[in-house]
Amino acid sequence: MSKTLFEKIAAREIPTQIVFEDDLVLAIRDINPQAPTHLLIFPKKPVPRIAEAAPADHQLLGHLLLKAAEVAEKAGLNQSGYRLVINNGPAGGETVPHLHCHILGGRQLIWPPG
Ligand code: 5GP
């Protein structure tokens, strides 16, 4: 099976700015930022989307969220606040079929989202 975009980024086949990496996840700067700070964190395992995560992924998903919070803190977003977003499927706005969590901050985010 061909690699996903984020697998290629993890394999350094596509250059990007990496802000955090461990054996399970990678955090990068979004190429098209929607806020002053817009990071993406994703598991290296190519789970296509949250709807297709399996019970066996529960530790990985917990790790992803804990690391998202750590990355947000290191980006200086704790005091002002930030938003974590996971888009799932076409109506959810998903464009890259490899599970990832957006970390958005640095401006006031509105609710409900568009
Ligand atoms: P989605 O729309 O699937 O929730 O989010 C995919 C995100 O990946 C988008 O915010 C998009 O800007 C970002 N993206 C797409 N291609 C690249 C790329 O080549 N490099 C980086 N760093 N981000 C990308």
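**Around the ligand**

The ligand is surrounded by 17 residues, the closest being Arg-29, Asp-30, Asn-87, Thr-95 and His-102; a residue belongs here if one of its heavy atoms lies within 4 Å of the molecule. This is a predicted model, in which local features need pLDDT of at least 70 and side-chain atom pairs count only at pLDDT 80 or more, while totals for chains, interfaces and linings use all residues. Residues are numbered from 1 along each chain as its sequence is written, and side-chain values use heavy atoms, with hydrogens and water left out.

By type, the shell around the ligand divides into 7 nonpolar, 7 polar and 3 charged residues (Ala, Val, Leu, Ile, Met, Phe, Trp, Tyr, Cys and Pro count as nonpolar, Asp, Glu, Lys and Arg as charged, and the others, Gly among them, as polar).

Now look at the backbone. A backbone N or O atom of Arg-29 lies 2.8 Å from a ligand nitrogen atom. For ligand oxygen atoms, the corresponding distances are 3.0 Å from Gly-93 and 2.7 Å from Thr-95. Taken alone, the ligand exposes 520 Å², and the protein buries 84% of that (areas by the Shrake-Rupley method with a 1.4 Å probe).

Where does the ligand sit? Its place is the largest pocket, with more than half of its atoms within 2 Å of the grid points. A pocket here is an open set of points on a 1 Å grid over the protein atoms alone, where a 1.4 Å probe fits, with protein on both sides within 12 Å along at least five of seven lines; lining residues have an atom within 4 Å of a point. The lining comprises 32 residues, with Asp-30, Gln-34, His-38, Asn-87 and His-102 nearest the centre.

Key
A polar contact is a pair of N or O atoms within 3.5 Å; within protein, one must be able to donate a hydrogen and the other to accept it, and residues adjacent in sequence count only if both atoms are side-chain atoms.
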